[in-house]
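Please examine the sequence and the structure shown below.

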Amino acid sequence: MSVLNWSGVLSPSAAWHVPEEPAENLVLDVRDLRMRYGRTDVLSGVSFGARRGEVLALLGPNGAGKTTTIEILEGFRMRSSGQVSVLGTDPARGGEAWRARIGVVLQSWRDHGKWRVRELLAHLGSYYAPYSGPPGRGGSRAPGVPRPWDVDELIATVGLTEQAGQRVRRLSGGQRRRLDVAIGIVGRPELLFLDEPTAGFDPEARREFHDLVHRLADREEATILLTTHDLDEAEKLADRILILAAGRIIADGSADELSRLMSTEAEVRWSRDGQRFVHSADEPTRFVSELFRQYGESVEDLEVRRASLEDTYMALVRQAESEGSGSGLGGGDAIRKFAVVAG
Amino acid sequence: MNASWVAARAGVRRGWIELKHTFTTPSDLVTLLIFTGILLGVMLWTHNTTVPGTHFSLGTAMLASMLGMTVGFNGLATLGSILTVEREDGTLLRAKATPNGMTGYLIGKVVTVSGTILISVAATLITGALLFSGLAVGSASTWLTLIPVVLLGLLATLPIGAVLGSLFPSARSAGLLTLAMGGLAAISGIFYPITHLPHWLQWVGQMFPLYWLGLGTRSALLPANLASVEVGHSWRHLATFGVLSAWAVAGLLAAPILLRWVARRESGSSVAARREKVLRQAAG
């Protein structure tokens, strides 16, 4: 039901749409978004949408325009052209009531260093109080949900109860990041933007953060758009993955769907007579049966690997970047011989 | 309740919280005390010198001037440099990401800086009145002049301070602002009667609010005969009111426009870019 769209394969203008979804049900609706700085096109026709409660991961190489896209959606940056609707409103004209319904997790540095954790969250939360209760048109939150989030509950949710009375500048890097997330969600946003939220996290902090995102999406029904360089993270968190390269969305689908795109590229490894072999097969089943027919039980250490998300990502990005220069995805039928290891 | 009203109240609370932070953070407190301490030291040192042409202690006269300077200097330089610092560290962006956050932020800043100024003025005045004789702290007319001068002074300098803070691109360059203020203080008749300066410098000095603030607080606290060393041998209350009001109006007109312009340009990547730059400079 999700539409896979390869720009340049299906439609060059990348007119993304969810066919059976009326536009007003989309929390995010971006059509043909363009951004140009001077004579450089940073975004050249980005289109995608998001439904309520969906978690979207925006992937792409550095300089692909991820941050620019997210800042346009946050209303922090003006676009050159295109249609953008965020919670039913054009972010370029979003007022304070609109602002109250979105959450932004910023990259922190050293702001509010003298404030205490609880003090800061209570203060920033107080701005949301007038926007409590049932939202206006386009919002789909159950009526009566109070804004802001109860401070102590929120502090417990992000795991900072022990640090509640501590000055912000005394927090560790991971704690500080959790505070940033808490600030981003203190107004119980219907839509949350996370720009590289786990950069610099240790594995445990990362795991805790992932649990928190799942909880927000499931229990709070928040729509979440996050950017990341961690493909594993995208695969774990996102219902849908968007790959942004060279200023456009080059793929849009679940991690599974994206991997299947590249299923032609399964990798077969084996060894025979002490030599190791790697082969990229279009049809791995046929290849392996052929292999056995030919060599029988002398085939050892057999391993068949579907393309991982990382392989898919690399292939798609490489293709997008070399587009126009004529080289497509390599078929790769040649058997590459690895270093010969005896025994 | 109306959202702007909520934000305004949040702003006042914010100002109060940050004022408490200033007075509970040792480094901030030390900065404040050093400033006042140096001034009092200078006054003690010049205590036995007299204002030229009079028998009045130069130290005491300087103390009266100093109150006006405290208002002007901090109104112009402190708010300005706080704005550049907090633009750089992301505080401003945080405010922008909050509904009505900029309103709250600005009100908070005005409360914090005004509060700091008023406390400094009170501290200097109380210490000065205990250490020096000759200040007319007992009469009602003193307070009827002093309070309006200080309040009008805040109104004349805080918005201009915000304008300056918006114009300086980084916290480092805003250091120049403090330096420039020091230069301005030297030609504003704070430490020595302005009538002893070359004519053209007197004119330059009188263009800025600092001179008029000093004149205003002197007129409140010093005996009437000391007006003889001022320009035109008068305290010039009307002119003081006029010039300070003009600066207030100019500042109040320009500040919202510039602050909106600054706020509009804030985004995650602009804060990140400035952070990179600062870290690079610190490393290199």
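Two residues are in contact if their C-beta atoms, placed from the backbone, lie within 7 Å. The model discussed here is a predicted one.

The account begins with helix α6 of chain A, which comprises residues 203-219. Within α6(A), the residues A:Phe209, A:Val213, A:Leu216 and A:Ala217 are buried. These four cover an arc of only 90° around the axis, and therefore they lie on the same side of α6(A). An α-helix has 3.6 residues a turn, so residues three or four places apart point the same way. The buried residues of α6(A) pack against several elements of chain A, namely the strands β3 (55-59), β6 (191-195) and β7 (223-227) and the helices α5 (173-185) and α7 (231-237). The other side of α6(A) carries the exposed residues A:Pro203, A:Glu204, A:Asp211, A:Arg215, A:Asp218 and A:Arg219. After α6(A) comes A:Glu221, which has a positive phi, near 55°.

The next subject is the contact between the chains. Chain B contributes 28 residues to this contact and chain A contributes 26. On the side of chain B that touches chain A, the elements giving two or more residues are α1, α4 (91-96), α5 and α11 (268-283) of chain B. Of these, α1(B) gives the most, with eight residues. By class, this side of chain B has 11 nonpolar, 11 polar and six charged residues.

Helix α1 of chain B (residues 3-24) includes B:Ala10. Is B:Ala10 buried or exposed? B:Ala10 is buried, because 24 other C-beta atoms lie within 10 Å, and the cut-off for a buried residue is 20 or more. Apart from neighbours within four places in sequence, B:Ala10 is in contact with A:His123, A:Ser126 and A:Tyr127, as well as with B:Gly104. Between B:Ala10 and B:Leu32 there are 22 residues in sequence and 26 Å in space, C-alpha to C-alpha.

The axes of helix α2 (residues 26-45) and helix α5 (residues 101-131) of chain B come within 11 Å and cross at roughly 35°. The crossing of α2(B) past α5(B) is right-handed.

Technical notes. Residues numbered from 1 in each chain as written. Chains lettered and ligands numbered in written order. Predicted model: local features only at pLDDT ≥ 70, side-chain atom pairs only at ≥ 80, totals over all residues. Axes fitted to C-alpha atoms, helices over the stretch in contact; angles between N-to-C directions. Left-handed = near helix turned anticlockwise from the far one by under 90°. Buried ≥ 20, exposed ≤ 12 C-beta atoms within 10 Å, placed from the backbone. Expected span 1.5 Å × (residues − 1). Arc of directions from axis to C-beta. Nonpolar A, V, L, I, M, F, W, Y, C, P; charged D, E, K, R; others polar.
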